[in-house]
Amino acid sequence: MSEEALVQRDSVADPQPGGPLPLSLVASLLDTVDRPLLVAERGGRILFANLRAQQCLNPSGEGSLNRLNLFTELLRIEAKVIFGQMESGEHEVNLHVECPGGRARARIQWLPEPDWLVVHVEPVPATLAGENGQGVHHTVQELLQEREITYRNLLAAYLRLQEVNRQKTVFLASAAHELKTPLAVIKGYYDLLLSGSLGKLTQKQRDILQESKESCERLVRLVSMFLNYSALESGKLVLHLRENDLRDCLSELAKRWQEAFYRKHVRLETRFDDKLPLLKFDYQKVQQTVANLLDNALKHTPAGGSVTLTAESHFWERRAAEEVPATERRRDRVPRPNSVKVEVSDTGEGIAAEHHQEIFEDFVRVDRTSSGMGLGLAIAKRLVQAHRGKIWVDSEPWLGCRFTFLLPTDNQ
């Protein structure tokens, strides 16, 4: 670098003790950097250019880079283009520039305090050099190696996530088992107190105990949900398929939920087809599925609304196509029912169409203000699928929801 340029840079340095380093000293320090480096003002005047930059951008040694304008003579781009990108949030602007030694890439960063631009110049390797295509061959080999490394890293990360997920499931199961017994004891004492066996209660005492019992029952349902979730996650779910009456199963469940609906001033209606066939299903798991749907409907239905539980015989076309020959299907005008359809509909606020799929995923809650862990519908879906059935929702905002699931009548 010329003596004239060094004198010019020294003249703008702060001579006061404790001030910034002299620009000549800064320039000397930059000369030790093993890559081309430029520092320029906002207007484009180059303040520093280290030795590597001089060799890369001015190999002939004629003139000085400090006399050139960064934008118009080196980068050949308007300053407002670069500053426009930086003001829009870009931390770094990358450009391709033509140098005497070949094509290079300029990485431009802005230092807001002194209002300077720092430019790193990196030569672009000629990967296509050689008439026999050796450059291309090496590039492909490098890409394959990078892909292999990326695959192994992703696999390792996936395995770590699987282990973390397994530990989470084990923790949930252990916590649920530890809570199950004391909660059962607490609930039993609430029932004993409310029955009056331990003495007469005032109305206020009865109300307090009733409210505490409801909170305890909610904890019991939450623990049961965790246990079901951990069993599903670990693959330890076992279905106890027995030939049962679905009407009895749902009627018994509806009676248990009548009190909860009554306290919230929501009407629970049931409509069951008299011709429901006997079918093989897990009595407790189906009750758990419907209980999750009723709990979800009760949480999102305002006072004065209603929830309807229905069950009827149903023709599931996909299964009929697998089991009934085409000639018989043409002969039968009315398809024979091969499944039962259970629906839980409410008059709540409804769910937008874009959320119809994600609400069945683990720990998803569309309404963040509502209580719950976001597991009820996810567990219901897995339990239905374990019975070789399917579940879905029909809903529009402010028009309520209708959750439907099908159970095939040919479960073995």
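The lining of the largest pocket divides into 11 nonpolar, 10 polar and 14 charged residues. This is a predicted model. The pocket holds about 1,200 Å³ of space. Helix α7 (203–233) gives the most to its lining, with 14 residues.

**Largest pocket**
- The lining counts 35 residues, and Glu217, Arg218, Val220, Arg221 and Trp257 lie nearest the centre.
- Helices α6 (134–194), α7, α8 and α9 each supply at least two lining residues.

**Second largest pocket**
- Its volume is about 560 Å³.
- It is lined by 28 residues, with Asn296, Lys299, His300, Ser370 and Ser371 closest to its centre.
- Helices α7, α9 and α12 each supply at least two lining residues.
- The largest share, five residues, comes from α7.
- By class, the lining has 11 nonpolar, nine polar and eight charged residues.

**Helices α8 and α9**
- The axes of α8 (residues 246–263) and α9 (residues 283–299) come within 10 Å and cross at roughly 35°.
- The crossing is right-handed.
- Residues making the contact include Leu250, Leu253 and Trp257 of α8, and Val286, Val290 and Leu294 of α9.
- The contact residues of the two helices divide into 13 nonpolar, one polar and four charged.

**Cavities**
- There are two cavities of 30 Å³ or more.
- The second largest cavity has a volume of about 30 Å³.
- Val286, Thr289, Leu383, Val384, His387, Phe405 and Leu407 line the second largest cavity.
- Helix α9, helix α12 (376–386) and strand β12 (401–408) each supply at least two residues of this lining.
- Five of these lining residues are nonpolar, two are polar and none is charged.

Conventions
Residues numbered from 1 in each chain as written. Predicted model: local features only at pLDDT ≥ 70, side-chain atom pairs only at ≥ 80, totals over all residues. Heavy atoms only, no water. Axes fitted to C-alpha atoms, helices over the stretch in contact; angles between N-to-C directions. Helix = DSSP H or I, 4+ residues; strand = E, 2+ residues; numbered from the N terminus. Left-handed = near helix turned anticlockwise from the far one by under 90°. Contact = heavy atoms within 4.5 Å. Nonpolar A, V, L, I, M, F, W, Y, C, P; charged D, E, K, R; others polar. 1 Å grid on protein atoms, 1.4 Å probe; cavity = no way out; pocket = protein on both sides within 12 Å on 5 of 7 lines; lining within 4 Å. Points joined across faces, edges and corners; volume = space filled by probe spheres on them.
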